[in-house]
Amino acid sequence: MYYFKRYFLITIIIVLILLNLIPTPYFLVIPGQAVNLSENITVENGEKDAEGQFILTSTAIIKANLLLYIYGFFDPNIDLKNRNDEILLNMDQKDYINIMEKLMQESQIISKVVALRKVGYSPEISGRGILINEILDNSPVKNKMLPGDVIIKIDEKTVHTLENFSEIIKNYSSNQIVRITFLRDNTAYSTSIPLIELPSTDDKKERIGIGVYADTKDLQCRFPLKIEIKLEKIKGPSAGLMIALEILNQLTENDLSSNLLIAGTGNLSMDRGITEVDGIKQKIISAKKRNADVFLVPQKNYPEALKFGRGIRIIPVNDFDDAIMKLIKL
């Protein structure tokens, strides 16, 4: 019996080691940090006298070996994503991290701009065109452009920033042909393509574009106030809404948090729009662990958020102004 138990234990250990060594094409999406933003953001001439808090929620993504896959399969708080089905996850890990870091940096700039504009400042924004990161399968520029290309013109209109690009594109309609001028290895090329309809951020307006993941090349902004943000471990663009709310809260007399713990998530654009994000379930779990009273969620994510919102008030928001108005009414 002693030898049987010993060999059984050795067998279990060997099996666990093998499970730990066998790779899978999956990633685990798990609840990440829930960060009190007033402790990580400082605005020049701002006040940190709010009774409540704005809490940034996040997710963490971990490569799944077979052992982790089995664990994630049975844990209801974890989602499994097949990297072959996810454009960004299917990239080299180093490239993926670099893109997420760039998106976070740009998200912080956008948050500063949106919040400062809301209180009457006019930050100066500049860029050197639109840098293509990834091209969607249904994009009309597929096989015509490559990641790394930089769009500098739409028809005869010069493109400096992503905001500038969006302002130009919104004057066109779906299927309308435009001529794109872009740089590749410092050489200019051009191609004509039809614009396509993109998933809308709400139920009211159509969005059109060219079907790419992109950001502003060499985005620069001169701010009238110094704003220090310490969120080095958070990556990706979904922190934008909550960062902007914290900045605004430090610059205004009224407490937007209404003495509550306000958690949330949302991609924020220069035009103050709030677009959908991934990992809603995990972010709500993180918010609940911090005993948050409210969770702000992009309108598109609202139906999904309601499935996991027991014990926390879920508030859908379409844009930055909508988020402010709903906070004021709390």
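Is Asn45 buried or exposed? In this predicted model, Asn45 is exposed, because its relative accessible area is 64% and the threshold for that class is over 50%. The residue is placed in the loop that connects strand β2 (41-43) with strand β3 (53-65). In sequence, 181 residues separate Asn45 from Lys226, whereas the C-alpha atoms of the two are 8.8 Å apart in space.

For the protein chain as a whole, eight helices and 20 strands are assigned. The chain comprises 330 residues, of which 45% count as buried. Among contacts with a sequence separation of 6 or more, 70% come from residues 24 or more positions apart.

Helix α5 spans residues 240-251 and includes Glu246. This glutamate is buried but forms no salt bridge. A polar contact of 2.7 Å links the side chain of Glu246 to the side chain of Gln250. With residues up to four places away in sequence left aside, the contacts of Glu246 are with Leu37, Ser38, Ile41 and Phe54.

A single aromatic pair is present in the structure. Its members are Phe182 and Tyr189, with ring centres 5.8 Å apart and planes at 25°. Phe182 is buried, since its relative accessible area is 3% and the buried class covers values under 20%. Tyr189 is partly exposed, with a relative accessible area of 39%. The ring of Tyr189 is also approached by a charge: the charged end of Arg184 sits over that ring, 5.7 Å from the ring centre.

Helix α8 covers residues 320-328, and its buried residues are Phe320, Asp322, Ala323, Ile324 and Leu327. An α-helix has 3.6 residues a turn, so residues three or four places apart point the same way. At the start of α8, a side-chain oxygen of Asp319 comes to within 3.2 Å of the backbone nitrogen of Asp321.

Definitions and conventions
Residues are numbered from 1 along each chain as its sequence is written. This is a predicted model: local features need pLDDT of at least 70, side-chain atom pairs count only at pLDDT 80 or more; totals for chains, interfaces and linings use all residues. Side-chain values use heavy atoms; hydrogens and water are left out. Buried means under 20% relative accessible area, exposed over 50%, partly exposed in between (1.4 Å probe, protein chains only). Helices (H or I, at least four residues) and strands (E, at least two) are DSSP runs, numbered from the N terminus. A polar contact is a pair of N or O atoms within 3.5 Å; within protein, one must be able to donate a hydrogen and the other to accept it, and residues adjacent in sequence count only if both atoms are side-chain atoms. Lys and Arg count as positive and Asp and Glu as negative; His and the chain ends are not counted. A salt bridge is a side-chain nitrogen of Lys or Arg within 4 Å of a carboxyl oxygen of Asp or Glu. Contact means heavy atoms within 4.5 Å. Rings of Phe, Tyr and Trp (its six-membered ring) pair if their centres lie within 6.5 Å; planes under 30 degrees apart count as stacked, over 60 as edge-to-face and the rest as tilted. A charge sits over a ring if NZ of Lys or CZ of Arg is within 6 Å of the ring centre and within 35 degrees of the ring normal.
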